[in-house]
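Me: I would like to go through this structure with you. Please keep the answers plain.
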Amino acid sequence: MTSFNARFMTFMTCGGDGCYFIWDKDKRKRLKSTLGCDAPITACRMSLNSKYAAYAFGYDWARGMNGAGSCPVGLFVHPTAEKEVKSSG
């Protein structure tokens, strides 16, 4: 899953490893990285004003029907500092 930030030309990615990252697309540099959640991150989005990063975690169906219900489910909204979403220089 990818979410673009038009204000600073950066983007956020997330995935089954339970981590999300914020990247500078022009410099191809990671601006922020996180430690893994207890579950896959199934969706992510940055707010239009760049002040929040939101992500949802839960089962991603990687183990098929047998794994359903095996992961915690939740939504988290993280307030972001400008230095986390804007490249320096």
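Me: To begin, is Met9 buried, partly exposed or exposed?
Reply: Met9 counts as partly exposed, because its relative accessibility is 41%. Here buried means under 20% relative accessible area, exposed over 50%, and partly exposed in between, with a 1.4 Å probe and protein chains only. Please note that this is a predicted model: local features need pLDDT of at least 70, side-chain atom pairs count only at pLDDT 80 or more, and totals for chains, interfaces and linings use all residues. Residues are numbered from 1 along each chain as its sequence is written, and side-chain values use heavy atoms, with hydrogens and water left out.

Me: Where is Met9 placed?
Reply: Met9 sits in the loop between β1 (2-5) and β2 (10-14). Helices (H or I, at least four residues) and strands (E, at least two) are DSSP runs, numbered from the N terminus.

Me: And what is the phi of Met9?
Reply: Its phi is positive, about 55°, although Met9 is not a glycine. Trp61 is not a glycine either, and has a positive phi of about 65°. Trp61 belongs to the loop between β6 and β7.

Me: What share of the residues counts as buried?
Reply: Of the 89 residues of the chain, 38% are counted as buried. The accessible surface is about 5600 Å², with 56% of that belonging to carbon and sulfur atoms. These areas come from the Shrake-Rupley method with a 1.4 Å probe, and for residues only the protein chains shown count as cover.

Me: Turning to rings, how many aromatic pairs are there?
Reply: The structure holds five aromatic pairs. Phe4 and Phe11 make up one of them, a tilted pair at 5.6 Å centre to centre with 40° between the planes. Rings of Phe, Tyr and Trp (its six-membered ring) pair if their centres lie within 6.5 Å; planes under 30 degrees apart count as stacked, over 60 as edge-to-face and the rest as tilted.

Me: Is Phe4 buried or exposed?
Reply: Phe4 counts as exposed, because its relative accessibility is 60%. Phe11, by contrast, has 18% and therefore counts as buried.

Me: Which ring does Tyr55 pair with?
Reply: Tyr55 pairs with Phe76, again in a tilted arrangement, at 5.5 Å centre to centre and 45° between the planes. Tyr55 is in strand β6 (residues 52-57) and Phe76 in strand β7 (residues 74-79), so this pair ties together parts that are 21 residues apart in sequence. Tyr55 is buried at 11% relative accessible area, whereas Phe76 is partly exposed at 39%.

Me: Which residues do ring pairs link into a cluster?
Reply: The cluster consists of Tyr20, Tyr55 and Phe76.

Me: One more topic: where is Asn5 found?
Reply: Asn5 lies in strand β1. With a relative accessible area of 3%, Asn5 is buried.

Me: What joins the side chains of Asn5 and Ser50?
Reply: They are joined by a polar contact of 2.9 Å. A polar contact is a pair of N or O atoms within 3.5 Å; within protein, one must be able to donate a hydrogen and the other to accept it, and residues adjacent in sequence count only if both atoms are side-chain atoms.
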